[in-house]
Amino acid sequence: HTYEGEIVAGAIPARWVQKNSLSKDQSNAAETFVQDFLAALPPSILARQAWGIDVAVFDNGQMRINDIVTNHGAKVAWSSYLEQPRVIEAYATHFDKIAGIHFVGVSGWLINHGFANYFTYWQRRIDKARGFGKVMAYLPPWP
């Protein structure tokens, strides 16, 4: 996930269907790959834009961008991954860092500690899971 040309650190969402999770080094390399791509674009293209960029990471280390989803500059929910607690936390941290926006109170604590939307997200994991994954989905997700 990116916002106005900057990576939202830690906002790599858990996929609904994924065979192999990326290592921390692979995730960092994918974020660097995306940041280099964004740096090559004119700032006017990135203004007011939130993007979700899917990166295919191959076994040989090569990466390719295979999808970009955007809000087109509008105030809309443009990515289904925005519902994931850790993605919400990553955006809150990002907005605090770049704009001094602080979330306070009980809701702020939940947002800042990766528990915002926790139970809704957990239910959606259960609803979307198939096969043995359905059994595993009943285990509480780690924020």
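The buried residues of helix 5 pack against helix 3 and helix 6 (132–137). The model is predicted, so local features need pLDDT of at least 70 and side-chain atom pairs count only at pLDDT 80 or more, while totals for chains, interfaces and linings use all residues. Residues are numbered from 1 along each chain as its sequence is written, and side-chain values use heavy atoms, with hydrogens and water left out.

Helix 5 spans residues 118–128, and its buried residues are Tyr118, Tyr121, Trp122 and Ile126. They lie on the same side of helix 5, because they cover an arc of only 140 degrees around the axis. The arc is that of the directions from the helix axis to the C-beta atoms. Helices (H or I, at least four residues) and strands (E, at least two) are DSSP runs, numbered from the N terminus. Buried means under 20% relative accessible area, exposed means over 50%, and partly exposed lies in between (1.4 Å probe, protein chains only).

The largest nonpolar core has seven residues: Val8, Ala11, Ala50, Trp78, Val87, Ala90 and Tyr91. Helix 3 (residues 85–99) supplies the largest share of this core, three residues. A second, separate core has six residues, among them Leu38, Leu46, Trp51 and Ile53. A nonpolar core is a set of buried Ala, Val, Leu, Ile, Met, Phe, Trp, Tyr and Cys residues joined through side-chain atoms within 4.5 Å.

Gly5 sits between strand 1 (2–3) and strand 2 (6–7). Gly5 is buried, at a relative accessible area of 11%. Its contacts, leaving aside neighbours within four places in sequence, are Gln35, Leu38 and Leu46. Contact means heavy atoms within 4.5 Å.

Glu4 is partly exposed, at 40% relative accessibility. Its phi is near 45 degrees, a positive value in a residue other than glycine. Not counting residues up to four places away in sequence, Glu4 touches Leu46, Ala47, Arg48 and Gln49. Glu4 and Ile45 are 41 residues apart in sequence and 8.8 Å apart in space, C-alpha to C-alpha.

Arg48 occupies the loop between helix 2 (43–46) and strand 3 (50–57). Arg48 has a positive phi of about 60 degrees, although it is not a glycine. Arg48 is exposed, with a relative accessible area of 60%.

His72 lies in the loop between strand 4 and helix 3. His72 is exposed, with a relative accessible area of 66%. His72 and Trp51 are 21 residues apart in sequence and 8.6 Å apart in space, C-alpha to C-alpha.

Asp67 belongs to strand 4 (residues 63–70). Asp67 is partly exposed, at a relative accessible area of 33%. Not counting residues up to four places away in sequence, Asp67 touches Gly52, Ile53 and Asp54. Asp67 and Phe103 are 36 residues apart in sequence and 31 Å apart in space, C-alpha to C-alpha.
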